[in-house]
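Notebook open, structure loaded. I wanted to look at one helix and its surroundings, then at aromatic rings.

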Amino acid sequence: MKISSRTEYGLRAMVALARMAGHERPVPLRAIAEVEAIPEPFLDQIMAKLRRANLVTSVRGVNGGYHLSRPAEEISVGELVRVLEGSLAPIACVDDADPDTASCDLYAGCHARSVWVRVTKAIARALDQLSLADVMHDDVPLQV
């Protein structure tokens with residue numbers, strides 16, 4: 001599984017937003033883009049996707065910007081990655097929502113599929129156990 005720039009930037013932006021969350025005012029898109037060196041037009045697209053998924057809320061106007069929709073402890077990295085990437089599965093025949101479900105005609109006789117089911121479950125478990133707060137505070141364990 002290869003993570004796109006969209007997801008890399010999205011995670012960095014969400015962590016920056018979580019760090020700036022102590023302010024009562026919404027965080028302007030430009031401030032996040034500057035701090036994280038993300039092109040503002042691309043960040044705007046990312047934040048729109050995150051807003052539609054209810055991970056952030058936006059405020060319009062001169063003093064507008066973004067807030068996390070929930071505390072950083074309640075937003076998992078897995079949820080963020082699914083919103084920005086789609087499936088966590090490294091191969092099309094496995095559905096990360098339910099890896100044990102058949103989604104391929106070769107399902108019954110495919111011995112390699114069990115490898116991809118295990119990989120998908122491990123990826124989902126690892127990402128779902130990490131919250132934005134973990135990443136923000138650098139509490140991410142280095143050993144899996």
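I'm working on a predicted model, so I kept to its rules: local features need pLDDT of at least 70, side-chain atom pairs count only at pLDDT 80 or more, and totals for chains, interfaces and linings use all residues. Residues are numbered from 1 along each chain as its sequence is written, and side-chain values use heavy atoms, with hydrogens and water left out.

Next I went back into H2 itself, residues 29-36 (helices are DSSP runs of H or I, at least four residues; strands are runs of E, at least two; both are numbered from the N terminus). I found Leu29, Ile32, Ala33 and Glu36 buried (under 20% relative accessible area; exposed is over 50%, partly exposed in between; 1.4 Å probe, protein chains only). Looking down the axis of H2, I saw the buried residues fall within an arc of 100°, so they line one face of the helix (the arc is that of the directions from the helix axis to the C-beta atoms). Arg30, Glu34 and Val35 are exposed on the other side of H2. What covers the buried residues of H2? The cover includes H1, H3 and strand E2 (65-68) (contact means heavy atoms within 4.5 Å).

Then I searched the whole structure for aromatic pairs and got 1 (rings of Phe, Tyr and Trp, its six-membered ring, with centres within 6.5 Å; planes under 30 degrees apart are stacked, over 60 edge-to-face, the rest tilted). Tyr9 and Phe42 have ring centres 5.6 Å apart and planes at 75°, so I noted the pair as edge-to-face. The pair links distant parts of the chain, with Tyr9 in H1 (residues 5-19) and Phe42 in H3 (residues 40-52), 33 residues apart. Tyr9 counts as buried at 18% relative accessibility, while Phe42 is partly exposed at 25%.
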